[in-house]
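Colleague: I am new to this structure. Please take one part of it and go through it closely with me.

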Amino acid sequence: MELEMAADELKSVLNRLRRAQGQIAGIIKMIEDGRDCEDVITQLAAVSRALDRAGFAIIATGLQHCMAEGERAAGDRDLMRARLEKLFLSLA
């Protein structure tokens with residue numbers, strides 16, 4: 001399954017990933033500076049949510065494309081459904 005996203009969808013996902021990248025750099029600095037464990041965990045949870053949201057946006061786009069291609073044979077739909085389900089569960 002190729003990643004086909006509209007420019008606005010792609011921009012949103014990339015923004016989330018860039019934000020997560022910045023948060024990860026911040027977490028590394030916090031650990032190096034010996035910051036409080038609770039603060040580090042809070043930031044780890046925030047970056048995890050950002051990554052999950054980016055992943056869910058990509059999967060949702062995949063679902064949207066699959067639905068738009070409603071002319072697929074039943075076997076193709078079942079295979080695509082299984083692949084998307086596996087991707088979705090990998091983020092759960």
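Colleague: Leaving aside its neighbours within four places in sequence, which residues is Val47 in contact with?

Modeller: A word on the source: this is a predicted model. With neighbours within four places in sequence left aside, Val47 is in contact with Ala20, Gln23, Ile24 and Ile27.

Now the setting. The protein has three helices and zero strands. From the N terminus on, the order is α-α-α. Of the contacts between residues at least 6 apart in sequence, 65% join residues at least 24 apart. Buried residues account for 20% of the 92 residues.

Val47 belongs to the largest nonpolar core. That core has six residues in all: Ala20, Ile27, Met30, Val40, Val47 and Ala50. Two elements, α1 (7-32) and α2 (37-68), each give two or more residues to this core. In soluble globular proteins, nonpolar side chains tend to be buried together.

Look next at α1. Its buried residues are Val13, Ala20, Gln23, Ile27 and Met30. Ala20, Gln23 and Ile27 are also among the contacts of Val47. The length of α1 can be checked. At 1.5 Å a residue, its 26 residues should span 38 Å. The end C-alpha atoms of α1 are 37 Å apart, which agrees.

α1 also has a part in the surface. Leu10, Leu14, Leu17, Ile24, Ile28 and Leu51 form a nonpolar patch there. Together they have about 440 Å² of accessible area. α1 supplies the largest share of the patch, five residues. Ile24 is in this patch, and Ile24 is in contact with Val47 as well. Leu17 lies in helix α1.

Finally, follow the chain past α1. Gly34 comes after α1, and its phi is positive, near 75 degrees. The count of salt bridges comes to two. One joins Lys29 and Asp33, with the closest N and O atoms 2.9 Å apart. Lys29 is partly exposed, at 47% relative accessibility. The other joins Asp39 and Arg35, with the closest N and O atoms 3.6 Å apart. Asp39 is partly exposed, at 33% relative accessible area. Arg35 is partly exposed too, at 45% relative accessibility.

Notes. Residues are numbered from 1 along each chain as its sequence is written. This is a predicted model: local features need pLDDT of at least 70, side-chain atom pairs count only at pLDDT 80 or more; totals for chains, interfaces and linings use all residues. Side-chain values use heavy atoms; hydrogens and water are left out. Helices (H or I, at least four residues) and strands (E, at least two) are DSSP runs, numbered from the N terminus. Buried means under 20% relative accessible area, exposed over 50%, partly exposed in between (1.4 Å probe, protein chains only). Contact means heavy atoms within 4.5 Å. A nonpolar core is a set of buried Ala, Val, Leu, Ile, Met, Phe, Trp, Tyr and Cys residues joined through side-chain atoms within 4.5 Å. Patches are made of residues with over 30% relative accessible area and no salt bridge: like charges are joined within 9 Å, nonpolar side chains (Val, Leu, Ile, Met, Phe, Trp, Tyr) within 5 Å. Accessible areas come from the Shrake-Rupley method with a 1.4 Å probe; for residues, only the protein chains shown count as cover. A salt bridge is a side-chain nitrogen of Lys or Arg within 4 Å of a carboxyl oxygen of Asp or Glu. The expected span of a helix is 1.5 Å times one less than its number of residues.
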